[in-house]
Amino acid sequence: MTRRRRMFLAAAVALLLLPCLAPRNVGAAGESFAGERDGIRRLHRRERLVFFGLQYLLNPYQRKQYLTTADPRARERWIETFWAYNDPTPATEINEKRREHEARVALARRLFRKKTEPGWDRRGEMLIRFGLPRFRAKEPGTVTFSGEYPPAEFWYYPSLDMAITFQDYLLNGEYILAIEKIGRSSREELDRLKAINDVYKYDVLEFVDSREWEDEEDLKDILSFNPDDIDYMADPDLRALQPKDLLAEWDREKRIRSANNFFKYDRERAAIYSFDLEKNLLPVYFDVTSFRGGPGSIRTEVNVEVPTAEIGFDVVDGARRGRIEIRVLARDAGMNPVARAVDSVQVVAPADTASQPGLVPGQVTLTLEPGYYRLGIEAIDAVTGRMGVYTANLELPPMDGRLALSDIMFASRITGTGDNPRFARGGLQVVPHPIHAYRIPFPLTIYFEVSGLDTDEEGLSWYEIEYRIVPLEKRRRGPVFAGIPPAISSSFRTSGYGADQVQRLEIATDNLWKGSFELQVTILDRRTMQSVEKRGRFSVLE
């Protein structure tokens with residue numbers, strides 16, 4: 001090939017690649033807005049590095065919000081808030097995802113550096129988004145009778161079963177995705193792609209022709225069954241239609257699947273971090289209930305239940321002992337930490353039996369002011385190290401100076417406190433049941449508090465309690481669904497000393513059935529005729 005022809009080919013390839021070489025993000029996040037380039041130019045050098053590494057995680061609104069923020073300190077605070085919101089362990093000080101992301105960005109700059117923005121090629125982008133592959137192979141450029149083929153790299157992630165192929169089309173050390181050079185408008189481009197695939201053993205499902213059977217009608221019956229249940233290989237005519245090299249065909253199908261997994265993850269996931277691949281998470285049920293606290297404050301309780309079968313035990317002094325540590329961190333609307341609490345739940349059972357409770361309850365209490373909060377909740381098994389991580393958004397309206405009803409706390413049992421101070425509330429021990437599931441014939445047990453009741457001259461308050469149980473789904477009767485029956489309801493009047501009252505109810509489940517229900521509790525102040533209502537959902541098991 002002459003020098004002039006090679007220069008013309010390089011220029012043509014460069015024109016084809018212009019849309020592909022620009023900084024890019026996943027899906028709509030890659031869309032720019034008017035003034036985006038000006039916003040990037042206003043950033044300091046270090047801020048640009050941060051933005052280019054973070055761009056793959058940002059949606060269009062976040063990109064615009066960050067780049068249109070004029071004050072550098074405000075931009076720094078924006079980054080801190082973003083990572084606080086995406087902290088995989090929200091109840092601890094360390095943000096594992098941010099630490100891993102920043103390490104990936106630094107490695108991308110070092111391994112795949114380029115002088116133009118964003119500072120790395122597409123290999124760097126994939127490193128930032130998905131981490132380093134376990135397997136990385138390089139193919140040198142080759143010249144054959146069918147054409148010239150640029151250098152290539154093949155990456156494989158076993159944990160994702162994902163394969164990515166890069167190629168250096170301009171022979172300048174800057175690699176792009178092999179699929180970015182693919183033109184889909186002509187048959188010549190498809191033929192060229194197949195030729196490249198033959199060299200680099202890279203398949204794309206979209207361009208793989210379906211198998212052409214000689215007599216498809218004869219195979220319809222057999223292909224409609226699970227092949228594992230049919231000895232189709234015993235038929236010589238069918239055996240002749242199978243690939244000659246089954247292992248090679250199997251390997252080819254795996255490569256096709258791995259290549260298409262990249263398209264799937266590239267489309268659906270902005271990035272994947274080590275913590276995202278953790279599959280051995282500790283299952284935890286939790287809910288959040290709020291009660292009136294001191295003046296201007298609200299007592300917020302995070303209730304958890306952990307299945308006993310998921311807990312690790314050590315045998316100590318003839319008994320099986322386990323421990324679950326519960327951590328909760330509350331952040332305000334600006335993602336600033338405002339309150340944290342820790343509780344340790346000890347589980348003890350005889351060593352020679354598995355007769356321990358099915359669910360182990362725990363509770364952490366925070367004192368918060370009215371407002372909006374984001375709670376980070378972690379439960380850690382001290383024996384196995386397994387962790388369950390959850391977040392919850394919480395709105396706390398004011399409860400002072402008005403008639404107010406707390407959240408409905410679903411309980412597994414309510415008894416006198418005795419000598420056990422756990423879950424104590426006045427003279428009661430209310431064991432939380434955040435899974436909200438009750439088995440017939442055991443009663444539905446709830447606890448709530450009323451505050452702000454009007455009192456008479458003797459300090460008495462007079463009020464009425466009404467509860468309604470409404471099915472959330474239709475009940476099947478034979479082959480058809482029956483209509484939702486009327487709500488189960490009851491009401492009674494009561495009184496007490498003081499403006500604040502506590503209530504416990506046990507509602508029989510004999511008249512209920514398996515399914516989901518909503519409990520509605522209404523309090524009517526009989527002196528002022530004001531009312532408040534709270535709702536909660538629960539399920540009934542047979």
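The accessible surface of the chain comes to about 30100 Å², and 51% of that area belongs to carbon and sulfur atoms. The model is a predicted one, in which local features need pLDDT of at least 70 and side-chain atom pairs count only at pLDDT 80 or more, while totals for chains, interfaces and linings use all residues. Residues are numbered from 1 along each chain as its sequence is written, and side-chain values use heavy atoms, with hydrogens and water left out.

**The whole chain**

Begin with the entire chain in view. Of its 542 residues, 44% count as buried; buried means under 20% relative accessible area, exposed means over 50%, and partly exposed lies in between (1.4 Å probe, protein chains only). The chain holds eleven helices and 27 strands. Helices (H or I, at least four residues) and strands (E, at least two) are DSSP runs, numbered from the N terminus. Among contacts between residues at least 6 apart in sequence, 65% join residues at least 24 apart, where contact means heavy atoms within 4.5 Å.

**First stop: helices α3 and α6**

Select residues 45–54, which form helix α3, and residues 96–111, which form helix α6. The two helices pack at an angle of about 105°, with their axes 10 Å apart. Axes are lines fitted to C-alpha atoms, for helices over the stretch in contact, and angles run from 0 to 180 degrees between N-to-C directions. Helices α3 and α6 are therefore roughly perpendicular to each other. In this scheme angles under 35 degrees count as roughly parallel, over 145 as roughly antiparallel, 65 to 115 as roughly perpendicular and the rest as oblique.

Now display the side chains where the helices meet. Arg-45, Leu-49, Gly-53 and Leu-54 in α3 touch His-101, Val-105 and Arg-109 in α6. By class, this contact of α3 with α6 has three nonpolar, two polar and two charged residues. Ala, Val, Leu, Ile, Met, Phe, Trp, Tyr, Cys and Pro count as nonpolar, Asp, Glu, Lys and Arg as charged, and the others, Gly among them, as polar.

Which residues of α3 are buried? They are Glu-47, Phe-51, Phe-52, Gly-53 and Leu-54. The cover over the buried residues of α3 includes α2 (36–42), α4, α5, α6 and α7.

**Second stop: helices α4 and α5**

Select residues 60–67 for α4 and residues 72–85 for α5. Their axes come within 9 Å and cross at roughly 150°. Helices α4 and α5 are therefore roughly antiparallel to each other. On the α4 side the contact is made by Gln-62, Gln-65 and Tyr-66, and on the α5 side by Arg-75, Trp-78, Ile-79 and Phe-82. By class, the contact of α4 with α5 has four nonpolar, two polar and one charged residues.

Is α7 mostly covered or uncovered? It is mostly covered, as nine of its nine residues are buried. Among them are Met-126, Leu-127, Ile-128 and Phe-130.

Two strands pair if DSSP finds at least two bridges between them. Strand β5 (residues 162–167) and β6 pair over two bridges, and the bridge partner of Gln-167 in β6 is Ile-176.

Select Asn-261, which has its place in helix α11 (residues 246–268). Asn-261 counts as buried because its relative accessibility is 16%. Leaving aside neighbours within four places in sequence, Asn-261 is in contact with Leu-160, Asp-161 and Met-162.

The next open sheet has the order β7-β8-β12, with antiparallel pairing. Strands β7 (285–292) and β12 (359–368) stand at the edges with a single partner strand each, so one side of each is left without a neighbour in the sheet. Ten bridges join β8 (residues 298–307) to β12. Thr-300 stands opposite Leu-366 in β12.

**Last stop: strand β25**

Finally, select residues 501–507, strand β25. Its covered face has Gln-501, Gln-503, Leu-505 and Ile-507, and its uncovered face has Val-502, Arg-504 and Glu-506. Seven bridges join β25 to the antiparallel strand β20 (residues 444–451), and Glu-449 stands opposite Val-502 in β25.

Technical notes: Accessible areas come from the Shrake-Rupley method with a 1.4 Å probe; for residues, only the protein chains shown count as cover.
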